Amino acid sequence: MPRQFAARFSIFLANLACIGLLAIGRPALAQQAAPAPLEIDEIAVPERVLTLDLTRDANDIWDRIRRGFGMPDLDSERVGDQQAFYLNRPGFLKQVFSRGGRYLYYIVDELERRGMPTELALLPMVESSYNPLAYSRAHASGLWQFIPSTGKQYNLTQDNWVDERRDVIASTNAALDYLQYIYEMHGDWHLALASYNWGEGSVQRALKRNAEEGLPLEYSHLRMPDETRNYVPKLQAIKNIVSEPELFHFELPYVANEMHFVSVDAPIGVDLATAAILSGMPLDEFLALNPGFNRPVTTMPGQAFIVPTDRARQLREGLDELKRSGKGWSLHTVEKGERLEQIAARHDLSVTELRQINGLSGNAVSAGHTLLVPSGIDPDGALQVSSMLPFAAAAARQQGLKIGGSGGGLKAPAAVRTTAGGSKKAAAPAKPGAKKAAPKAAPKKASKPAAKKAPQTSKAKSTGKTTAKPAAPKQASKPAAKAQTPARN
């Protein structure tokens, strides 16, 4: 019995020792199994990706523009320099963006209709700071800065009475036609923009030089004037600011994503000051939407007044009432031997006032020409408008406008067509052999730039002379296979 008890007691002690060893070993095992704590800098933070919800309506015009960005970004030191230039002038930046607000909806609408990148809606900021009365030393005019020859080739009327390079609707349509044409020529938007500024002939020669020297054919590798070298970076800088204004601590002025203006048929013989009053608008705001007039009075059939959408009905009703009153302006045909003093006295004007209204530089006017004269209406408004049209006198190179044929009034344009915005302009001649095609979102990139020449626009005019006269272009599946442009008359 004692021997059995001793044996059992030994077994008990052995079990107790095993339990003790387990108890001692567990903390070590637990400590060994526990994972090492992660350092803070080892935690992977997912990169922030900005996305656009295209299922909702655009908040404002800037939101809509961002959705249509389609050009490759340019990243260079020049872009940073241009960006700093604009951001260091926040007052100027806001003023220009606000001024452009009245035109942006129409421009963006046209770009989307044609399948073009909406960055191009920002191009008038580079060209003219959204000032339709901007005028350069190279005689470029309007939002899109057309020089006279290119304006004529894109059917923008320029005479004593109107300059459609300053007309918002007509010039926008012409500029987008031209941009489509030079994009199809190069298959590259940066080269197209360089051509818009420098002239496609100059860009073609620069491309040829690079090709002969075995250099890249991209915009950033071409030898070009400083103005053209900075041209695309300026647009890229503006695009960057519009894309992420909060990143630059800049607040874009609110511009609603809605139609800002419509056109109202303008009867002959209505001065712009009276139209502004009938619209209930300050004269300067009215002229900002109607900058294409060289004279203070409508003189041709087919003209239109552009007014904010909420002012159109008021203007139409006012014009109808004015027509019933019989008051307005008429065209006086100068007879042989008739002097300005006689004509002015007959209409209760001074010679100075008659000259100012008609943009005359002297006291002599030849027979057969026409002069604007008041017919029962106060001329003060027209005189005020005349002083606000800075290029009217420069545009007038003849004394009045001669009446053609035996008709009793001014000749209307030979052919007119209604644009998408409702204005009317001369119809463009079709290219020989060209087929009509709907615009495509992105024409295929041509392997080699087409050896085509066309007129210049904009400011850097190093060559200034061209021999081609392109009509408004149509999108083609292969830009290189375009028809030859007709020779200049």
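The structure holds 13 salt bridges. It is a predicted model, so the contacts described here are those of the prediction.

One of these bridges brings together the side chains of aspartate 177 and arginine 114, with N and O 2.9 Å apart. Aspartate 177 sits in helix α7 and arginine 114 in helix α4 (residues 90-114), so the bridge ties together parts that are 63 residues apart in sequence. Both ends are tucked away: aspartate 177 is buried at a relative accessible area of 8%, and arginine 114 is buried at 5%. Glutamate 119 and lysine 239 make another salt bridge, their closest N and O atoms lying 2.8 Å apart. Here the loop between α4 and α5 (123-128) supplies the glutamate and helix α11 (residues 231-243) the lysine, so parts 120 residues apart in sequence are tied together. Glutamate 119 and lysine 239 are also buried.

The salt bridge between glutamate 213 and arginine 223 has its closest N and O atoms 2.8 Å apart. Elsewhere, shared partners join Glu110, Arg113, Arg114 and Asp177 into one salt-bridge network.

Helix α12 (residues 272-279) is largely enclosed by the rest of the structure, because 6 of its 8 residues are buried. The buried ones are Leu272, Ala273, Thr274, Ala275, Ala276 and Ser279. They pack against α13 (283-289), β2 (304-308), α14 (312-325) and α17 (380-387). At the N-terminal end, aspartate 271 caps α12 with a side-chain oxygen 3.1 Å from the backbone nitrogen of alanine 273. Just past the helix, glycine 280 adopts a positive phi of about 70°.

As for the protein chain overall, there are 18 helices and 7 strands, and 46% of the 489 residues count as buried. Of the contacts between residues at least 6 apart in sequence, 71% join residues at least 24 apart. The chain exposes about 25,300 Å², with carbon and sulfur atoms supplying 54% of that area.

Technical notes
Residues numbered from 1 in each chain as written. Predicted model: local features only at pLDDT ≥ 70, side-chain atom pairs only at ≥ 80, totals over all residues. Heavy atoms only, no water. Buried < 20%, exposed > 50% of the residue type's maximum accessible area, 1.4 Å probe, protein only. Helix = DSSP H or I, 4+ residues; strand = E, 2+ residues; numbered from the N terminus. Contact = heavy atoms within 4.5 Å. Polar contact = N/O pair within 3.5 Å; in protein donor to acceptor, adjacent residues only side chain to side chain. Areas by Shrake-Rupley, 256 points an atom, 1.4 Å probe, with all protein chains shown as cover. Salt bridge = Lys/Arg side-chain N within 4 Å of Asp/Glu carboxyl O.
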